[in-house]
Amino acid sequence: MSSNARALAVGLALALTGGVTTSCGSDPPLAPEATFVRELQQALDDALESISGVGVSAAVIMPDGNRWVGVSGVSHEGVSITPDMLFDMGSAGKNLFAALMLKLAEEGLLSLDDSLHEYLPPMPHVDPNITIRQGLNHTSGLYMAVEHPAAPFSQPYDAIDFEKWWTIDEIFTSLMDDPYFPPSEGWHYSQAGYQLGTLIVEQVTGTTVAEAIQSRLLDPLGIHGMLLDLTEPTPANFEIAHNWVDTDGDGSFDDVGDRSRNWINSLSRILYYTRAEDFAMWLHALMQGQVLEQASLDEMLTFVFPNPGEPRVAGYGLGLVEVEPDLVEGQTVWGHGGSIAGYRAFVGHLPGPGITISVLINSDSEEGFGEFITGLLQVILDWASS
């Protein structure tokens, strides 16, 4: 590790324990590491303002495990974002589910090259010869229910039946259509492979997906700040940040934190909430080989290459994206983004410098979100190389 990286690690450790303070008036100049922490916070504040966002929670983890956590903005009127607030991670949580599947393969409970028909009964619009792996890396050809005209995502927000609990049978009969292509003959992002995968997990483990992820992946790492099942109580001392949506198309966000999440919970079948710090800790541990055997991690990082023009995606592995190199020039980034009503999320690892970052916001501020992440990463990389 370079001398600046060591100093950065020290600075983050001090910041985490309250040892870094900001200067004002005639106070002595800030130490370099304290200046860096202040620059990170300023970048977070500026980025939130630039996308007209409501609130944000972010975390950075260095190669040695030291970390910085920053927040800005509000959850709802009169309540500021705090580091212990939970945000919906959306599809960014796919790396948790894919890692679980690989862990179950290590345990001999399944193989990623097993076909769906070995576990599931015939289902409409589902080729039974699709493999688990094809479902995870989006080469299955399965239709994406979000794109169906009858899907809630295609309706005006206020027209959604928020209390409705969609069954898996309803999803695959009402919101599915013919496949885009035969298995392995193309690439199209689809939630369907992950939805079907939840049925397989429940069958081979005898538990829920949430229980399997917590016991097999998170408990060994000491991570207890995620809410993986909305039917369970929010963890003690934690609070879910209110989500903000442009409900009427007027360009401004409205607080919808009091709306039922049944509709999106049941449609997703995997609806995870997390603190920024825990999300970054998870991916950092995964990338450092603390979760899976090396052969399994190599499988996760075996990328297929999507259609040209897919935004921000240079390659797709198993629940992990190789991000387009223009996110941070000259840097490889592995991670995943998430976008769901009222939340945006990103978690990424830079294998070169060994840095992990997570960014969570509680609004539909999609435009400019990539630049938001780039700005934070650039502050880190500029400081480390100076």
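Helix H3 is mostly covered, with eleven of its 13 residues buried; buried here means under 20% relative accessible area, while exposed means over 50% and partly exposed lies in between, computed with a 1.4 Å probe on protein chains only. The structure is a predicted model, in which local features need pLDDT of at least 70 and side-chain atom pairs count only at pLDDT 80 or more, while totals for chains, interfaces and linings use all residues. Residues are numbered from 1 along each chain as its sequence is written, and side-chain values use heavy atoms, with hydrogens and water left out. Helices (H or I, at least four residues) and strands (E, at least two) are DSSP runs, numbered from the N terminus.

The buried residues of H3 are Lys94, Asn95, Leu96, Phe97, Ala98, Ala99, Leu100, Met101, Leu102, Lys103 and Leu104. The end C-alpha atoms of H3 lie 18 Å apart, in agreement with the 18 Å that 13 residues should span at 1.5 Å a residue. The expected span of a helix is 1.5 Å times one less than its number of residues. Just after H3 comes Gly108, with a positive phi of about 80°.

Helix H11 (residues 369-385) has 17 residues and reaches 25 Å from its first C-alpha to its last, close to the 24 Å expected at 1.5 Å a residue. Its buried residues include Phe369, Phe372, Leu376, Ile380 and Trp383.

Residues up to four places away in sequence aside, Trp282 touches Asn95, Leu96, Ala99, Leu217, Leu218, Leu221, Ile223, Met226 and Val291, where contact means heavy atoms within 4.5 Å. Asn95, Leu96 and Ala99 are among the buried residues of H3.

His284 sits in helix H9 (residues 276-287) and counts as buried at 5% relative accessibility. Beyond residues up to four places away in sequence, His284 touches Ile61, Met62, Pro63, Gly65, His349, Gly354 and Thr356.

The second largest pocket has a volume of about 310 Å³. Helices H6, H7 and H8 are the elements that give two or more residues to its lining. The pocket is lined by 16 residues, of which Trp165, Glu202, Asp229, Asn265 and Arg269 lie nearest its centre. On a 1 Å grid over the protein atoms alone, a pocket is an open set of points where a 1.4 Å probe fits, with protein on both sides within 12 Å along at least five of seven lines, and lining residues have an atom within 4 Å of a point. Grid points are joined across faces, edges and corners, and a volume is the space filled by probe spheres set on the points.

Several loop residues complete the picture. Trp187 lies in the loop between H5 and H6 and is buried, with a relative accessible area of 6%. Trp187 is 50 residues from Asn137 in sequence, yet their C-alpha atoms are 8.2 Å apart in space. With neighbours within four places in sequence left aside, the contacts of Trp187 include Asn137, His138, Thr139, Phe181 and Tyr316.

His125, in the loop between H3 and H4, has a positive phi near 65° although it is a residue other than glycine. His125 is partly exposed, with a relative accessible area of 29%. Ser52, also not a glycine, has a positive phi of about 55° and belongs to the loop between helix H2 (32-50) and strand S1 (55-61).
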